[in-house]
Amino acid sequence: MTQPAPNRRDGRVQLLADALSIAARGWPVFPLRPGSKVPVLHGETKCPRTGACTDGHAKPEQRATTDPDRIRTAWATAPYNVGLATGPAGLVVIDLDPPKPTDPPGTHSGAQILEALCQATGEQVPPTYTVTTPSGGLHLYFTAPTGATMRSTQDILGRHIDTRAWGGYIVAPGSITPAGAYSVTDDRPVAPLPAWLQMKLTAPPRITARPLAPSSAPHSGGRRASYADAAIRNEEKNVADAPEGHRNKALVRAARALGRLIASGDLDRDEVEQALSRGAEAAGLKPYEYRSAITSALNWSIRNNPAGRRTA
Ligand SMILES: [Zn+2]
């Protein structure tokens with residue numbers, strides 16, 4: 001377990017080691033400001049649209065890496081805390097907070113509320129890799145279901161229960177804030193997200209007036225997982241439905257999600273490019289606006305999602 005380090009250099013070395021060991025599990029990391037939960041990199045409102053952000057602001061989850069060399073470079077200068085990009089890590093982390101100081105006395109903790117939910121439904125939460133937070137909260141790590149894009153949620157399961165998946169991140173063990181350290185308190189292997197939790201966390205599909213574009217032809221290899229078909233249809237629709245001002249971002253997000261399925265061999269790149277192009281056209285984008293965005297987002301995703309990483 002990591003203890004607060006006695007000085008800045010030792011703290012940096014320890015946090016670098018923590019970042020490397022998390023990345024070695026196949027979980028992409030990015031630096032958080034020393035002693036804090038805030039990413040080092042600029043936020044969307046201050047985006048200079050240069051470098052990694054040339055095609056639109058790259059969020060921490062898009063810049064997070066498992067590459068040891070990049071991690072050593074990033075952690076060379078300061079004792080950065082470790083952000084873990086849950087979406088690309090293939091994780092869904094249940095974040096159980098204690099009651100806040102401003103809550104009325106007797107307010108239940110997230111852990112108590114989850115327990116009550118289990119009793120009410122007759123379901124269980126299996127033991128899994130667990131991290132304790134400085135405030136006394138718990139992070140329960142689960143592997144995300146294959147093929148389903150789980151988004152981060154807030155208060156869907158109950159008050160003081162958030163989940164971190166795509167669109168979010170968590171502070172990884174080893175990180176230190178003025179309140180204390182994030183520590184692994186159960187080091188067992190990460191359990192799969194129980195199906196009943198997946199169902200509760202997955203919002204019903206949005207109703208839309210726009211008809212779906214015809215789905216693409218079956219994979220030339222014959223049968224394939226229906227989730228790959230569902231993913232390509234859903235992402236095409238997400239792009240088609242994106243309102244103006246969000247279209248490029250939706251396109252990049254969709255391409256990066258589908259790129260993972262190209263990397264894993266579940267989808268064929270041509271087919272993905274065609275589906276995304278149809279979605280972009282339906283959203284009103286012009287070829288010169290979407291072609292290079294699709295290419296670079298797919299390249300990024302394939303580069304960052306080597307096949308088989310989810311089983312690491
Ligand atoms: Zn940016």
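This is a predicted model: local features need pLDDT of at least 70, side-chain atom pairs count only at pLDDT 80 or more; totals for chains, interfaces and linings use all residues.
Q: How many helices and strands does the chain have?
A: The chain holds ten helices and twelve strands. Of its 312 residues, 38% are buried.

Q: How is the packing of two helices described?
A: In general, one gives the angle between the two axes and the distance between those axes. In this structure, helix 7 (residues 226–241) packs with helix 8 (residues 247–263) at an angle of about 170°, and their axes are 9 Å apart. Angles over 145 degrees count as roughly antiparallel, so helix 7 is roughly antiparallel to helix 8.

Q: Which residues make the contact between helix 7 and helix 8?
A: Helix 7 contributes Ala228, Ala231, Ile232, Glu235, Asn238 and Val239. From helix 8 come Ala250, Leu251, Ala254, Ala257, Leu258 and Leu261.

Q: How do the strands of a sheet pair?
A: In general, strands pair through backbone hydrogen bonds, in either a parallel or an antiparallel manner. One case here is an open sheet of three strands in the order 1-2-8, with antiparallel pairing. Strand 1 (29–32) and strand 8 (170–171) are the edge strands, each pairing on one side only.

Q: How many bridges join strand 1 to strand 2?
A: Four bridges join strand 1 to strand 2 (residues 81–84), and the two strands run antiparallel. Phe30, for example, has Gly83 in strand 2 as its bridge partner.

Q: Which strands does helix 1 touch as it packs on the sheet?
A: Helix 1 (residues 8–24) touches strand 1 and strand 2. The direction of helix 1 makes about 15° with that of strand 2.

How values were computed:
Residues are numbered from 1 along each chain as its sequence is written. Axes are lines fitted to C-alpha atoms, for helices over the stretch in contact, and angles run from 0 to 180 degrees between N-to-C directions. Angles under 35 degrees count as roughly parallel, over 145 as roughly antiparallel, 65 to 115 as roughly perpendicular and the rest as oblique. Two residues are in contact if their C-beta atoms, placed from the backbone, lie within 7 Å. A residue is buried if 20 or more other C-beta atoms lie within 10 Å of its own, exposed if 12 or fewer, and partly exposed in between; C-beta atoms are placed from the backbone. Two strands pair if DSSP finds at least two bridges between them.
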